[in-house]
Amino acid sequence: MSEEQVRVEEFQVEGDQIVEKVKELVSEAHVRRLVIKNQEGKTVIDVPLAVGLAGALLKPKLIALSAIAAMITHGTIVVEKVETPPTP
């Protein structure tokens, strides 16, 4: 039986880099959740992602994210990734 391990990573980005960084992160495998926080640390958008469906489901959210990013000068992207340990 394999157990999933969740790893959380945070990236500090400028407002104009948020959308590009999100696209980069979502293209990686195993992203389960994506949270964008503003400079005060308040959550602006929280997107749960299904592995394998991330790209298709994220497109409408990227449009909203572009508008939000225009209002954020500095933010944090928090990414939850699921990792499955290798089987022996």
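A few ground rules come first. Because the model is predicted, local features need pLDDT of at least 70 and side-chain atom pairs count only at pLDDT 80 or more, while totals for chains, interfaces and linings use all residues. Residues are numbered from 1 along each chain as its sequence is written, and side-chain values use heavy atoms, with hydrogens and water left out.

The protein has 2 helices and 4 strands, where helices (H or I, at least four residues) and strands (E, at least two) are DSSP runs, numbered from the N terminus. Read from the N terminus, the elements run β-α-β-β-α-β. Of the 88 residues, 36% are buried; buried here means under 20% relative accessible area, exposed means over 50%, and partly exposed is what lies in between (1.4 Å probe, protein chains only). The accessible surface comes to about 5,700 Å², and 55% of that belongs to carbon and sulfur atoms; the areas come from the Shrake-Rupley method with a 1.4 Å probe, and for residues only the protein chains shown count as cover. As for contacts (heavy atoms within 4.5 Å), among those between residues at least 6 apart in sequence, 73% join residues at least 24 apart.

The 4 strands make an open sheet in the order 1-4-2-3, with antiparallel pairing; two strands count as paired if DSSP finds at least two bridges between them. Strand 1 and strand 3 sit at the edges with a single partner strand each, so one side of each has no neighbour in the sheet. From one strand to the next, the twist averages 15°, with axes taken as lines fitted to C-alpha atoms (for helices over the stretch in contact) and angles running from 0 to 180 degrees between N-to-C directions. Strand 4 (residues 74-83) is largely enclosed by the rest of the structure, because 8 of its 10 residues are buried. Its pairing with strand 1 (residues 5-14) is antiparallel and runs over 10 bridges. Gln5 has Glu83 in strand 4 as its bridge partner, and Val13 stands opposite Gly75 in strand 4. Strand 2 (residues 31-37) also pairs with strand 4 in the antiparallel sense, over 6 bridges, and there Ile36 has Ile77 as its bridge partner.

Helix 1 (residues 18-27) has two contrasting sides. Ile18, Val19, Lys21, Val22, Leu25 and Val26 are buried in helix 1. They cover an arc of only 160° around the axis, which puts them on the same side of helix 1; the arc is that of the directions from the helix axis to the C-beta atoms. On the other side, Glu20 and Ser27 are exposed. The lysine in the buried set is worth a look: Lys21 has a relative accessible area of 18%. Leaving aside neighbours within four places in sequence, Lys21 is in contact with Phe11, Val13 and Ile77.

That brings in the charged pairs. The count comes to 7 salt bridges, each being a side-chain nitrogen of Lys or Arg within 4 Å of a carboxyl oxygen of Asp or Glu. Lys21 takes part in one of them, with its side chain meeting that of Glu24 at 3.3 Å, N to O. Glu24 and Lys21 both lie in helix 1, 3 residues apart, about one turn of the helix. Glu24 is partly exposed at 41% relative accessible area, whereas Lys21 is buried. Glu20 forms a salt bridge with Lys23, with the closest N and O atoms 3.9 Å apart. These two also lie in helix 1 with a spacing of 3 residues, about one turn. Here Glu20 is exposed at 51% and Lys23 is partly exposed at 41% relative accessibility. The spacing makes sense, because an α-helix has 3.6 residues a turn, so residues three or four places apart point the same way.
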